[in-house]
Amino acid sequence: MQTTVPNVKQLPIIPKQGELYLSINLALADPGQVWQLAKQLGFIPELAYLPTTVGIEIHALLLQEKSQLSSLLDANEYDARIESLLEAGINSDAIRFVYGRGHQ
């Protein structure tokens, strides 16, 4: 059964080819800290949800963009931002960084 939440962005379980998502599961991290830290790191956080087999997870969506795999592998921009989240005390289990590399 597919659940939708009106007026809130739904995160894909598996992104389309070339799509990149960075989000934080707010059940595993302090929402206020996540929002404040995200803004300090230059993100514009947005509330989103991820339907799973066991229920719905509420996430702070920090980044959604299209990217080529080659540029993703060459740049350490994402590593530095994720490292900053970890250093600030964000639970590593809360961070979801996914890239769709499937074939169209």
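1. Helix 1 (residues 31-40) has three buried residues: Val34, Leu37 and Ala38. They sit on the same side of helix 1, because they cover an arc of only 105° around the axis. That arc is taken from the directions from the helix axis to the C-beta atoms. Buried means under 20% relative accessible area, exposed over 50%, and partly exposed in between (1.4 Å probe, protein chains only). Helices (H or I, at least four residues) and strands (E, at least two) are DSSP runs, numbered from the N terminus.

2. A word on the source. This is a predicted model, in which local features need pLDDT of at least 70 and side-chain atom pairs count only at pLDDT 80 or more, while totals for chains, interfaces and linings use all residues. Residues are numbered from 1 along each chain as its sequence is written, and side-chain values use heavy atoms, with hydrogens and water left out.

3. Back to helix 1. Its other side carries Gln36, Lys39 and Gln40, which are exposed. At the start of helix 1, a side-chain oxygen of Asp30 comes to within 3.2 Å of the backbone nitrogen of Gly32. After helix 1 comes Gly42, with a positive phi near 90°.

4. Now the chain as a whole. It holds three helices and five strands. Their order from the N terminus is β-β-α-β-β-α-α-β. The chain has 104 residues, and 37% of them count as buried.

5. Strand 2 (residues 19-25) and strand 5 run antiparallel and are joined by five bridges. Two strands pair if DSSP finds at least two bridges between them. Leu22 has Phe97 of strand 5 as its bridge partner. Strand 5 (residues 95-99) is mostly covered, with four of its five residues buried.

6. Ser23 also belongs to strand 2. Is Ser23 buried or exposed? Ser23 counts as buried because its relative accessible area is 0%. Its side chain makes a polar contact with the side chain of His59, at 2.9 Å. A polar contact is a pair of N or O atoms within 3.5 Å; within protein, one must be able to donate a hydrogen and the other to accept it, and residues adjacent in sequence count only if both atoms are side-chain atoms.

7. Leu47 lies in strand 3 (residues 46-52). Leu47 is partly exposed, since its relative accessible area is 42%.
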